[in-house]
Amino acid sequence: MNTFLSSLAVILSTLALICSGFAAYQVYTFQQTLSSKEAVSNTTVPNPSTPTQAPASVETPVASPQTTTPTSTSTATKSIQPGEFVQPAFGNKGRVELLSVKRIKDPESGNRDVVNVQMRIRRTAPENAAQATDVILVSNTTARNPDTSETYKGVNASRSTGTVSLFQLRPNSSADAYVWLRVPDGINNLDIFVPDTAAFKNVPISN
């Protein structure tokens, strides 16, 4: 009898221990659930009715196309090139080459109505082939407007070399000469006539 009671007491103690443990587990679980709900309730939830402001867009500046300013181009008449204007003189006894045809200012009046014509006269005739009369009167050089046919003469005899004699030049030697012509400002091209020399057509005047 005592043994039975002792066994029963042990069983009851064990059951009591199990029940107390289970109760403690239930209390712990309930506390965890309450803590989770409090944490969720404390979290700020955005109001869906409140409009959310979109981030301001940043405009990227667009470079405007570069404006090109046209550059003014000078319309000055070109200078003649070496060998560009060459004509025979006295048949095949000589050769005249224009070195430059340039507009200059008249030192007396200050007007730009003078054209300085520089030339090179070369003897091409062999020895004893030229005569004493083979003389080029540089001062008698004239010019003509190729558009209007207006003619222009020298300023005066003192504004030129005067004369160049082929007879006094040695074969293949040359002499430089010049003459000033009275040509109104604004004329850009000339037909030039050197005495006893083929005509030079449409010669540009450099400024």
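Contact here means heavy atoms within 4.5 Å. This is a predicted model, in which local features need pLDDT of at least 70 and side-chain atom pairs count only at pLDDT 80 or more, while totals for chains, interfaces and linings use all residues. Residues are numbered from 1 along each chain as its sequence is written, and side-chain values use heavy atoms, with hydrogens and water left out.

View 1. Let us start with Thr 141, which sits in the loop between β4 (135–137) and β5 (142–144); strands (E, at least two residues) and helices (H or I, at least four) are DSSP runs, numbered from the N terminus. With a relative accessibility of 1%, Thr 141 counts as buried (buried is under 20% relative accessible area, exposed over 50%, partly exposed in between, with a 1.4 Å probe and protein chains only). Leaving aside residues up to four places away in sequence, Thr 141 touches Met 119, Gly 154, Val 179, Leu 181, Ile 192, Phe 193, Val 194 and Pro 195. A polar atom of the Thr 141 side chain also lies 2.8 Å from the backbone oxygen of Val 138.

**View 2. Ala 199 in its loop.** Here we move to the loop between β9 (189–193) and β10 (200–204), where Ala 199 is found. Ala 199 is partly exposed, at 23% relative accessible area. Its contacts, not counting residues up to four places away in sequence, are Gln 87, Ile 192 and Phe 193. Phe 85 is 114 residues from Ala 199 in sequence, yet their C-alpha atoms are 9.7 Å apart in space.

**View 3. A four-stranded open sheet.** The strands follow the order β1-β2-β3-β8, with antiparallel pairing; two strands pair if DSSP finds at least two bridges between them. At the edges stand β1 (86–89) and β8 (174–182), each with a single partner strand, so one side of each has no neighbour in the sheet. On average, neighbouring strands are turned by 30° against each other, direction ignored (axes are lines fitted to C-alpha atoms, for helices over the stretch in contact, and angles run from 0 to 180 degrees between N-to-C directions). Look next at β3 (residues 114–123), which pairs with β8 in the antiparallel sense over nine bridges. Arg 122 stands opposite Ser 174 in β8.

**View 4. The salt bridge of Arg 103 and Asp 185.** The structure holds six salt bridges, each a side-chain nitrogen of Lys or Arg within 4 Å of a carboxyl oxygen of Asp or Glu. In one of them, the side chains of Arg 103 and Asp 185 meet at 3.7 Å, N to O. This pair links distant parts of the chain, 82 residues apart: Arg 103 in strand β2 (residues 94–104) and Asp 185 in the loop between β8 and β9. Arg 103 is buried at 2% relative accessible area, whereas Asp 185 is exposed at 54%.

**View 5. Asp 106 with Arg 182.** The closest N and O atoms of this salt bridge are 2.6 Å apart. Asp 106 belongs to the loop between β2 and β3 and Arg 182 to strand β8, so the pair ties together parts 76 residues apart in sequence. Asp 106 is buried at 7% relative accessible area, while Arg 182 is partly exposed at 31% relative accessibility.

**View 6. Asp 191 with Arg 144.** In this salt bridge the closest N and O atoms are 3.3 Å apart. Asp 191 in strand β9 and Arg 144 in strand β5 are 47 residues apart. Asp 191 is buried at 6% relative accessible area, and Arg 144 is partly exposed at 26%.

Methods. Polar contact = N/O pair within 3.5 Å; in protein donor to acceptor, adjacent residues only side chain to side chain.
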